[in-house]
Amino acid sequence: SEQYKWARERLLNHQCERAIPAFQNLLDRFPKHDLADNALYWRAFCFAELGNREEAQKLWREFPLVFPRSPKIPDTIYQRAILFEEEGKTQEALGLYQTILKQYPKAEKRREARAAIGRLKR
């Protein structure tokens with residue numbers, strides 16, 4: 001928990017270069033910890049923040065395979081959709097936003113996904 005808090009603090013202070021290895025260390029040492037899924041999610045987020053979209057997409061794409069029961073899965077799908085949208089890949093983004101609506105009826109990101117779909121279909 002302490003290592004996760006330290007890494008998250010680095011993230012919040014825009015020090016992703018320092019947060020990435022800390023999150024990875026947590027994943028390596030404690031892969032079954034309650035915060036391991038969050039560590040992977042935020043590690044991918046850091047890569048996206050640093051402009052390494054490919055690594056972020058890869059980690060978020062693999063996330064459901066590593067943590068199939070994680071409540072963060074819809075968030076990873078949403079983040080992937082945002083990256084696609086920013087890259088002008090509208091169809092890919094739409095597909096992911098629609099996945100959230102169809103497969104995750106209780107996801108917190110439903111409202112944002114619905115708004116994104118409306119925005120992209122204009």
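Predicted model: local features only at pLDDT ≥ 70, side-chain atom pairs only at ≥ 80, totals over all residues.
Two packed helices are described by the angle between their axes and the distance between the axes. For α2 and α3, the packing angle is about 150° and the axes lie 9 Å apart. The crossing in which α2 passes α3 is left-handed. On the α2 side, the contact is formed by C16, A19, I20, F23, Q24, L26 and L27, while α3 contributes A36, A39, L40, W42, R43, C46, F47 and E49. The contact of α2 with α3 comprises twelve nonpolar residues, one polar residue and two charged residues.

The crossing of α5 and α6 is left-handed. Residues P74, I77, Y78, R80, A81, I82, F84 and E85 of α5 meet E92, A93, L96, Y97, T99 and I100 of α6. Classification of the residues in the contact of α5 with α6 gives ten nonpolar, one polar and three charged.

The largest pocket of the model has a volume of about 180 Å³. Its lining consists of Q24, L27, P31, K32, H33, L40, R43, L59, V66 and F67. Two or more lining residues are given by each of α2 (16–29), α3 (36–49) and α4 (53–66). By class, six residues of the lining are nonpolar, two are polar and two are charged. Residues Q24 and L27 of α2 and L40 and R43 of α3 take part in the contact between these helices, and Q24, L27, L40 and R43 also line the largest pocket.

Conventions: Residues numbered from 1 in each chain as written. Heavy atoms only, no water. 1 Å grid on protein atoms, 1.4 Å probe; cavity = no way out; pocket = protein on both sides within 12 Å on 5 of 7 lines; lining within 4 Å. Points joined across faces, edges and corners; volume = space filled by probe spheres on them. Helix = DSSP H or I, 4+ residues; strand = E, 2+ residues; numbered from the N terminus. Nonpolar A, V, L, I, M, F, W, Y, C, P; charged D, E, K, R; others polar. Axes fitted to C-alpha atoms, helices over the stretch in contact; angles between N-to-C directions. Left-handed = near helix turned anticlockwise from the far one by under 90°. Contact = heavy atoms within 4.5 Å.
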